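I opened this notebook to record what I looked up in one structure. The entries follow the order in which I consulted the model.

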Amino acid sequence: MKTQIIKKRRFRWELVVGIVLFAWIIYSLIGITFGPEKAKENGNVCKGYDYGFKVCRGDINRD
């Protein structure tokens, strides 16, 4: 009987990081496009989801 050699597959971290980054960017773009607008305490209005990119308008120097 022949002995089978089991090849160890290398885990590709670069691929996993790339997929997660791509999914986060898509999530952020959907949030900017279709997400709710939220007013901050300084009067600025931001659009986007909580854990993604946000686009804000208003006075950035206002406290």
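**Entry 1: Elements**

I looked up the secondary structure and found 1 helix and 3 strands in the chain. I took helices (H or I, at least four residues) and strands (E, at least two) as DSSP runs, numbered from the N terminus. Read from the N terminus on, the elements run α-β-β-β.

I noted that this is a predicted model, in which local features need pLDDT of at least 70 and side-chain atom pairs count only at pLDDT 80 or more, while totals for chains, interfaces and linings use all residues. Residues are numbered from 1 along each chain as its sequence is written, and side-chain values use heavy atoms, with hydrogens and water left out.

**Entry 2: Overall form**

I looked up the radius of gyration, taken over C-alpha atoms, and found 22 Å for the chain, whereas a compact globule of 63 residues would have a value near 11 Å. The globule rule is 2.2 Å times the number of residues to the power 0.38. I also recorded that the C-alpha trace spans about 75 × 25 × 15 Å along its principal axes.

I then looked up burial: 13% of the 63 residues count as buried. Buried means under 20% relative accessible area, exposed over 50%, and partly exposed in between (1.4 Å probe, protein chains only).

For contacts (heavy atoms within 4.5 Å), I considered those with a separation of 6 or more, and residues 24 or more positions apart account for 14% of them.

**Entry 3: Charges**

I found 12 positive and 6 negative side chains, and the centres of the two sets lie 21 Å apart. Lys and Arg count as positive and Asp and Glu as negative, while His and the chain ends are not counted. The place of a charge is NZ of Lys, CZ of Arg, CG of Asp or CD of Glu.

**Entry 4: The disulfide**

How many disulfides does the chain have? I found 1 disulfide, by the rule that a pair of cysteine sulfur atoms lies within 2.5 Å. Cys46 and Cys56 form this link, with their sulfur atoms 2.0 Å apart. The link is right-handed, with 105° about the S-S bond. Cys46 lies in strand β2 (residues 45-47) and Cys56 in strand β3 (residues 55-57), so the pair ties together parts that are 10 residues apart in sequence. I found Cys46 buried at 6% relative accessible area, whereas Cys56 is partly exposed at 44%.

**Entry 5: Ser28**

I located Ser28 in helix α1 (residues 13-34). Ser28 is buried, with a relative accessible area of 1%. Not counting residues up to four places away in sequence, Ser28 touches Gly52 and Phe53.
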